[in-house]
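Hi,

Here is the structure I promised to send over.

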Amino acid sequence: MNLTVFGAAGRTGRQIVAQAVGRGHEVMAFVRDAGAFDPPPAVRVVQGDARDTAAVEGALRGADAAISVLALMSADAEPEYSDATRTIVRAAERLGVRRVVVAANNHAFGDAAVTGEFAAHAREHRRNRETLRASSLDWTIGAAPWVTDDPATGRYEAVLDAKAPGRRLPTGDLATFALDALQRDAWIGHLVGVSS
C-alpha cells in the first residue's frame, strides 16, 4: 500500500519506515528536518510541520493509510502534539484516507489524574484519543508502556481496550505492531494495549 508515516525521523518512525519498505509498501516519510533523516532508497520524504494543513495534505494525497508516531517533545510544547494529530485526522478525512494508526502511551486508557513531568503527555494522548473517536476514520491507537531502544524481538502482546501486561516495548516491536494494525480490521475503532 501507499503509506504515509508521520514522525518518520524519530526512534520508532525510523523502524516503521524500514520495516514498511521491507514489507513492500510505498512510503512517504513526513519529517520536521529532512537534513537529519537518511531514508532507505525509494522512500519519498516531505519536510514540514504536522500542524500545517497544506504540508500534511501534500503528504497524505494518494495514500492508502497513515501511521503517526509523533510525540510531545517537552511539556512546554503542549498542545503541539494534539494539534498535529487533529490536523492529520482532518486532512485524512478530506482526502479519503480511511485507515490511520496512532501511537500513544498507557495514559490513553482512562482519565485518572496524572501529575508531574508526564501530566502534559497524558493530556495530549487523551486529546488525540478524543479526536480519533470523534472522526469518521478507521482508526487504531496502539498504547504502549515504556518504549525502549532494546533490540526488537519480533513479538508483542496486544490486548483490546486494556493495557498490555508488560512494562516495556522495544521501538522495533512497536513498529511491527503499527504495521500489523493496518491489516487488523478487528482493531479498528479501538485502543489496543501493546507491550513485550
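Thr4 touches Met28, Ala59, Leu60, Ala63, Ala65, Ala66 and Ile67, leaving aside residues up to four places away in sequence; contact here means heavy atoms within 4.5 Å. Thr4 sits in strand 1 (residues 2–6), and with a relative accessible area of 1% Thr4 is buried. For burial, the cut-offs are under 20% relative accessible area for buried, over 50% for exposed, and partly exposed in between (1.4 Å probe, protein chains only). Helices (H or I, at least four residues) and strands (E, at least two) are DSSP runs, numbered from the N terminus.

Before you go further: this is a predicted model, where local features need pLDDT of at least 70 and side-chain atom pairs count only at pLDDT 80 or more, while totals for chains, interfaces and linings use all residues. Residues are numbered from 1 along each chain as its sequence is written, and side-chain values use heavy atoms, with hydrogens and water left out.

Now the cores. A nonpolar core is a set of buried Ala, Val, Leu, Ile, Met, Phe, Trp, Tyr and Cys residues joined through side-chain atoms within 4.5 Å. The largest one has 33 residues, and Phe6, Phe30, Val56, Leu60 and Leu70 are the members that touch the most others. At least two residues of this core come from each of strand 2 (26–31), helix 2 (53–60), helix 3 (80–95), strand 5 (99–105), helix 4 (119–133) and strand 6 (138–144). Helix 3 gives the largest share, 6 residues. As for Leu70, its contacts are Phe6, Gly7, Ala50, Tyr81, Ala84 and Ile88, again not counting residues up to four places away in sequence. There is also a second, separate core of 28 residues, which includes Val31, Ala65, Val69 and Ala144.

On to helix packing. Helix 1 (residues 11–22) and helix 5 (residues 171–181) pack at about 55 degrees, with axes 8 Å apart. Axes are lines fitted to C-alpha atoms, for helices over the stretch in contact, and angles run from 0 to 180 degrees between N-to-C directions. The two helices are therefore oblique to each other; angles under 35 degrees count as roughly parallel, over 145 as roughly antiparallel, 65 to 115 as roughly perpendicular and the rest as oblique. On the helix 1 side, the contact is made by Arg11, Thr12, Gln15, Ile16, Gln19 and Ala20, and on the helix 5 side by Thr171, Gly172, Leu174, Ala175, Thr176, Ala178 and Leu179. All 11 of the 11 residues of helix 5 are buried, so helix 5 is largely enclosed by the rest of the structure.

Helix 3 and helix 4 also pack with their axes 8 Å apart, but at an angle of about 15 degrees. That makes helix 3 roughly parallel to helix 4. In this pair, Glu80, Tyr81, Ser82, Thr85, Arg86 and Val89 of helix 3 meet Glu124, His125, Arg127, Asn128, Thr131 and Leu132 of helix 4.

Arg98 counts as partly exposed, at 37% relative accessibility. Arg98 touches Ser136, Leu137 and Asp138, not counting residues up to four places away in sequence. From Arg98 to Leu137 is 39 residues in sequence and 5.1 Å in space, C-alpha to C-alpha.

Cheers
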